Amino acid sequence: MLGVSRGTLRTALQRLEHTGEIVRRQGSGTFVGRVATPTAFVEGLERLEPYSMLARRRGVKLGVRDVAIEERPIGAEIGRKFELSPDTILPHVSRIVLAAGEAAAYMTDVVHPAIALPSTAALRRAFERGEMILDVLIGQGVPIAFATTRVLPRLITPRENIGLLFGVSRTTAVLELEETIHVTSGEVVHHSRDLFGPGGMDLHVVRALDVERPAQVNPVPGDNGPARRARRAAAT
């Protein structure tokens, strides 16, 4: 039915058994081993979209707590990205994002002063609806073009403020995504630093070979494609 050999099928089942996805009992059969615990967000880095959209696709309800909007200098790093003085004072928006009532991420955003943000009350309402700063920018018609993202591992402890916010009881590994968002002119208009706790983010990257035309894996009967020629060669 699948068009593969018994050996290929046997190898596939062995891999599923090793990961715990299936359990094979001699004389009884093959059974589903476990159901993986879903993460709040599953993201491929190939496409830029708000986390709110990722959550909706997974049926996860987002919430927010500990929203803070503080006016402070942007510092050298963001200053270079925004092409502004490090002493420029801008709002830093931080909050804990909840997924199904549990802390999933700690997010901090800074937006270029050329972009007018809504009022503090309006931002809080947007966060309570599960929206992100990116949702707000898109809603305002900002011509978002692309983002550059750095993915970094990080350890947090119960003694740190971020550890207290996540409620960790021991040193815990988290995933940090630092992202700069560009408009169509190439200018940076948004900088964010997001920390995802355990179970907060399942990150993957899809890569493909740069080929002119993909080879046909399962050619139609009578086809003389690469797969058929390979089978003929193996048979001889």
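## Close-up views of cavities, pocket and cores

**View A. The lining of the second largest cavity divides into four nonpolar residues (Ala, Val, Leu, Ile, Met, Phe, Trp, Tyr, Cys or Pro), two charged residues (Asp, Glu, Lys or Arg) and two polar residues (the others, Gly among them).** This is a predicted model, in which local features need pLDDT of at least 70 and side-chain atom pairs count only at pLDDT 80 or more, while totals for chains, interfaces and linings use all residues. Residues are numbered from 1 along each chain as its sequence is written, and side-chain values use heavy atoms, with hydrogens and water left out. A cavity is a set of points on a 1 Å grid over the protein atoms alone where a 1.4 Å probe fits but cannot get out, and its lining residues have an atom within 4 Å of a point.

**View B. The largest cavity has a volume of about 150 Å³.** Of the 16 residues that line the largest cavity, those closest to its centre are Tyr51, Met132, Leu134, Glu179 and Asp194. Two or more lining residues come from each of S6, helix H5 (133–139), strand S8 (172–183) and S9, and S9 gives the most, with three residues. By class, this lining holds eight nonpolar, two polar and six charged residues. The search of the whole structure finds two cavities of 30 Å³ or more.

**View C. The largest pocket holds about 300 Å³ of space.** A pocket, unlike a cavity, is an open set of points with protein on both sides within 12 Å along at least five of seven lines. Arg72, Ser94, Tyr106, Thr108 and Arg193 are the closest to the centre of the largest pocket among the 17 residues that line it. Strand S4 (62–73), strand S5 (89–99), strand S6 (102–111) and strand S9 (188–196) are the elements that give two or more residues to this lining, whose residues divide into six nonpolar, five polar and six charged.

**View D. Ser52 is found in helix H2 (residues 51–58).** Leaving aside neighbours within four places in sequence, Ser52 is in contact (heavy atoms within 4.5 Å) with Leu62, Gly130, Glu131, Met132 and Asp135.

**View E. The largest nonpolar core has 14 residues.** Such a core is a set of buried Ala, Val, Leu, Ile, Met, Phe, Trp, Tyr and Cys residues joined through side-chain atoms within 4.5 Å. The residues with the most contacts inside the largest core are Val111, Ile115, Leu123, Phe127, Ile133, Leu137 and Val142, and S4, helix H4 (120–128) and H5 each supply at least two of its residues. Apart from this core lies another, of twelve residues, among them Leu62, Ala105, Met132 and Leu177. Not counting residues up to four places away in sequence, Ile133 touches Arg95, Asp109, Val111, Leu123, Phe127 and His190. Across the protein, buried residues make up 33% of the 236 residues.

Notes: Grid points are joined across faces, edges and corners, and a volume is the space filled by probe spheres set on the points. Helices (H or I, at least four residues) and strands (E, at least two) are DSSP runs, numbered from the N terminus. Buried means under 20% relative accessible area, exposed over 50%, partly exposed in between (1.4 Å probe, protein chains only).
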